[in-house]
Amino acid sequence: MALPRAAREVLSLRALNRATLARQMLLARRRLTVTQAVERLAGLQAQAPNPPYIGLWSRLEGFRREQLTEALQKRRIVRMSTMRATLHLMTASDALAWRPLLEPVHQRGLLGNHKKALDGIDRAAVVEAGRALLAERPHTSAELGQALGVRWKGRETVSLAGLIRNNVPLVHLPPAGTWNSHQSALLQPLGDWLGVLDAVPATQDDLLLRYLAAFGPATLADAGAWSGLTGWKAVAERLRPQLRVFTGEDGQELFDLPRAPRPDANTPAPPRLVAEWDNLLLSHADRSRVLSEAHRARVFTVNGIVRGTVLLDGFVAGVWKIERAKNTATVVLESLTRWSKADRIGVEKEALDLLAFASDGEGEHHAVRLP
């Protein structure tokens with residue numbers, strides 16, 4: 001029998017912060033394989049090639065860039081559109097199981113971006129033609145659009161390609177998505193790339209359990225913000241007997257796995273540099289567990305960039321970027337709060353470690369600048 005709301009344990013903001021950091025491997029770096037880490041993190045946001053590498057560097061002990069590159073080349077990890085209809089790195093097994101469940105998210109994305117351009121077109125025919133093209137060989141998105149435009153003259157080729165991308169699960173084939181690779185991705189259907197023609201799709205119940213393992217305790221609105229899916233209330237009611245339910249400081253209902261880590265709110269949190277577009281900042285409707293609303297506009301920019309962030313005591317306290325000039329690479333730090341001398345020393349060490357990880361080669365000079 002569920003406890004009345006007033007009788008439930010209240011989790012403070014700091015307690016939520018520490019629980020989330022523990023699951024995101026940001027309280028202590030872990031010794032895991034790349035595949036294990038990506039699975040535990042429920043995917044890594046991957047619009048740009050380098051941030052997932054930095055995301056793993058922030059979380060794994062001894063991580064080397066070639067480990068992720070090899071996992072992509074050997075098809076253990078794939079880069080494709082999944083949650084929120086955005087590019088993620090996923091384990092092969094999760095990609096196969098989760099992508100069918102996320103079909104409604106991709107259909108909404110298609111309508112939002114290409115509805116007018118596709119009005120009146122026989123969408124099923126376009127998708128069939130796109131599948132036929134991809135069965136012949138991998139194509140870039142531009143190549144797909146141009147080939148389809150020959151048959152559907154007068155239609156926007158970008159929207160024709162978007163119709164395929166939102167209806168067919170497509171992998172970005174390496175080297176696209178690997179370190180410093182900015183070439184247009186060749187696209188191939190997921191099943192063809194993995195050699196798996198049939199897989200058991202996950203249920204939304206499965207997805208909530210995995211989400212909570214990586215990002216809980218969380219509200220149902222948080223689960224929706226992470227996935228782009230709706231209908232979480234019915235899922236939570238089905239799973240309620242096997243979940244732990246807390247109350248947040250604002251009275252919201254927080255769901256969690258009974259045995260998931262929830263460290264003491266005073267657990268030390270070391271300085272960390274978090275990658276651009278990191279799911280730590282993108283997977284909750286209420287981001288206050290890591291990011292103050294006062295700092296939001298300095299992190300989420302008007303041109304759609306989510307800047308790299310500095311965590312101090314577990315919360316966003318600054319932003320960072322790497323600048324390169326001649327043979328020098330510099331981490332430029334921008335504080336959003338007052339930093340102590342110890343904070344600055346800790347952040348500068350992390351920044352220098354990051355430069356060593358991201359180095360373009362021998363002889364490169366490294367520096368840290370805090371204006």
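In helix H1, the buried residues are Ala15, Leu16, Asn17, Arg18, Ala19, Thr20, Leu21, Ala22 and Arg23. The helix, spanning residues 13-23, is thus mostly covered, with 9 of its 11 residues buried. The model is predicted.

**Nonpolar cores**

- The largest nonpolar core comprises 38 residues, of which Val78, Trp98, Leu190, Leu208, Tyr211, Leu212 and Trp226 touch the most other members.
- Two or more residues of this core come from each of the following elements: strand E3 (77-81), helix H5 (92-98), helix H10 (190-194), helix H11 (204-215), helix H12 (220-227) and helix H13 (232-239).
- The greatest contribution to this core is that of H11, which supplies 6 residues.
- Beyond its neighbours within four places in sequence, Val78 is in contact with Leu72, His88, Leu89, Met90, Thr91, Ala95, Val171, Leu190, Trp193 and Leu194.

**Packing of H7 against H9**

- Helix H7 (residues 123-136) and helix H9 (residues 157-167) have axes that come within 9 Å and cross at roughly 80 degrees.
- This angle falls in the range of 65 to 115 degrees, and H7 and H9 are therefore roughly perpendicular to each other.
- On the H7 side, the contact involves Arg123, Val126, Val127, Gly130, Arg131 and Leu134, which meet Leu160, Leu163, Ile164 and Asn167 of H9.
- Classified by residue type, the contact of H7 with H9 contains 6 nonpolar, 2 polar and 2 charged residues.

**Salt bridges**

- The structure contains 29 salt bridges.
- One of them joins Glu61 to Arg31, with the closest N and O atoms 3.2 Å apart.
- This pair connects distant parts of the chain, 30 residues apart: Glu61 is in the loop between helix H3 (50-57) and helix H4 (65-73), and Arg31 is in the loop between H1 and helix H2 (34-40).
- Glu61 is partly exposed at a relative accessible area of 41%, while Arg31 counts as exposed at 65% relative accessibility.
- A salt bridge also forms between Arg99 and Glu103, whose closest N and O atoms are 3.0 Å apart.
- Arg99 is buried, with a relative accessible area of 2%, whereas Glu103 is partly exposed, with a value of 24%.
- Glu334 and Arg298 meet through their side chains in a salt bridge, at 2.5 Å from N to O.
- Because Glu334 belongs to strand E12 and Arg298 to helix H14 (residues 296-299), this pair ties together parts that are 36 residues apart in sequence.
- Both partners count as partly exposed: Glu334 has a relative accessibility of 27% and Arg298 one of 39%.
- Salt bridges with shared partners also join Arg8, Glu237, Arg240 and Glu253 into one network.

**Thr330 in strand E12**

- Thr330 is located in strand E12, which covers residues 328-335.
- With a relative accessible area of 11%, Thr330 is buried, because the limit for burial is under 20%.
- Residues up to four places away in sequence aside, Thr330 touches Lys321, Ile322, Glu323, Leu355, Ala367, Val368 and Arg369.
- The C-alpha atom of Thr330 is separated by 50 Å from that of Glu237, a residue 93 positions away along the chain.

Technical notes
Residues are numbered from 1 along each chain as its sequence is written. This is a predicted model: local features need pLDDT of at least 70, side-chain atom pairs count only at pLDDT 80 or more; totals for chains, interfaces and linings use all residues. Side-chain values use heavy atoms; hydrogens and water are left out. A nonpolar core is a set of buried Ala, Val, Leu, Ile, Met, Phe, Trp, Tyr and Cys residues joined through side-chain atoms within 4.5 Å. Buried means under 20% relative accessible area, exposed over 50%, partly exposed in between (1.4 Å probe, protein chains only). Helices (H or I, at least four residues) and strands (E, at least two) are DSSP runs, numbered from the N terminus. Contact means heavy atoms within 4.5 Å. A salt bridge is a side-chain nitrogen of Lys or Arg within 4 Å of a carboxyl oxygen of Asp or Glu. Axes are lines fitted to C-alpha atoms, for helices over the stretch in contact, and angles run from 0 to 180 degrees between N-to-C directions. Angles under 35 degrees count as roughly parallel, over 145 as roughly antiparallel, 65 to 115 as roughly perpendicular and the rest as oblique. Ala, Val, Leu, Ile, Met, Phe, Trp, Tyr, Cys and Pro count as nonpolar, Asp, Glu, Lys and Arg as charged, and the others, Gly among them, as polar.
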